[in-house]
Amino acid sequence: NRTRILQALMGEQKHHQGDYDWYKEWEEWARRQYQQQQQSGYNQQQRQRTSSSSQSNNNNNTRKSRTKSKPEYRWDFDPDDPYSVLGIRRGATKSEVSAAFRREMLKHHPDVQHQGTTEAQKERAIERSKYITDAYRKIKAEMNETEWNDASRAKTKDRSTVSFDTTPY
């Protein structure tokens with residue numbers, strides 16, 4: 001069985017349905033497909049060029065009007081400082097960080113906003129909650145990294161103090 005498989009892979013053995021070269025057939029089919037795609041792509045590009053040159057001014061104006069610009073908000077915190085976003089000091093404990101996250105999300109989560117809030121206020125709440133979530137993730141990752149580094153330093157320190165007995169059995 002093994003020799004038959006190896007012979008078939010090397011091309012020494014004929015297919016059981018006769019002289020059948022599937023790879024050549026597949027190559028021809030792939031070449032035809034590629035040529036059709038290239039031809040249809042070329043035709044589409046030609047159509048787009050002719051239509052876009054006549055309508056370029058109209059399209060540019062409608063595109064600009066359709067794109068929704070994101071409003072710039074003024075925050076009472078520094079968006080680049082995660083501790084400022086959560087309103088906590090640097091070096092806060094895990095429980096302080098978690099409590100600050102919960103407190104800020106209860107204040108600013110879009111689902112917790114009052115009935116009479118406008119769409120703009122909801123958008124602002126969404127942006128604020130994104131900042132809060134991002135700040136929480138950054139601080140937690142930083143805490144986990146420092147814990148990991150402290151633990152690995154402690155292990156290395158313990159290993160350096162271990163003494164080995166060099167006396168033979």
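View 1. Tyr131 is partly exposed, with a relative accessible area of 29%, whereas Trp75 is buried at 17% (buried, under 20% relative accessible area; exposed, over 50%; partly exposed, in between; 1.4 Å probe, protein chains only). A search of the whole structure finds 5 aromatic pairs (rings of Phe, Tyr and Trp, the last by its six-membered ring, with centres within 6.5 Å; planes under 30 degrees apart are stacked, over 60 edge-to-face, the rest tilted). Trp75 and Tyr131 form an edge-to-face pair, 5.6 Å centre to centre with 75° between the planes. This pair links distant parts of the chain, 56 residues apart: Trp75 lies in the loop between helix 2 (22–66) and helix 3 (82–86), and Tyr131 in helix 5 (residues 119–161). Helices are DSSP runs of H or I with at least four residues, numbered from the N terminus.

**View 2. The ring cluster around Trp75.** Ring pairs join Tyr73, Trp75, Phe77 and Tyr131 into a cluster.

**View 3. The stacked pair of Phe101 and Tyr136.** The ring centres of Phe101 and Tyr136 are 4.2 Å apart, with 20° between the planes. Phe101 belongs to helix 4 (residues 94–108) and Tyr136 to helix 5, 35 residues apart. Both Phe101 and Tyr136 are buried, while buried residues make up 15% of the 169 residues in the protein chain.

**Notes.** Residues are numbered from 1 along each chain as its sequence is written, and side-chain values use heavy atoms, without hydrogens or water. In this predicted model, local features need pLDDT of at least 70 and side-chain atom pairs count only at pLDDT 80 or more, while totals for chains, interfaces and linings use all residues.

Key
Helix = DSSP H or I, 4+ residues; strand = E, 2+ residues; numbered from the N terminus.
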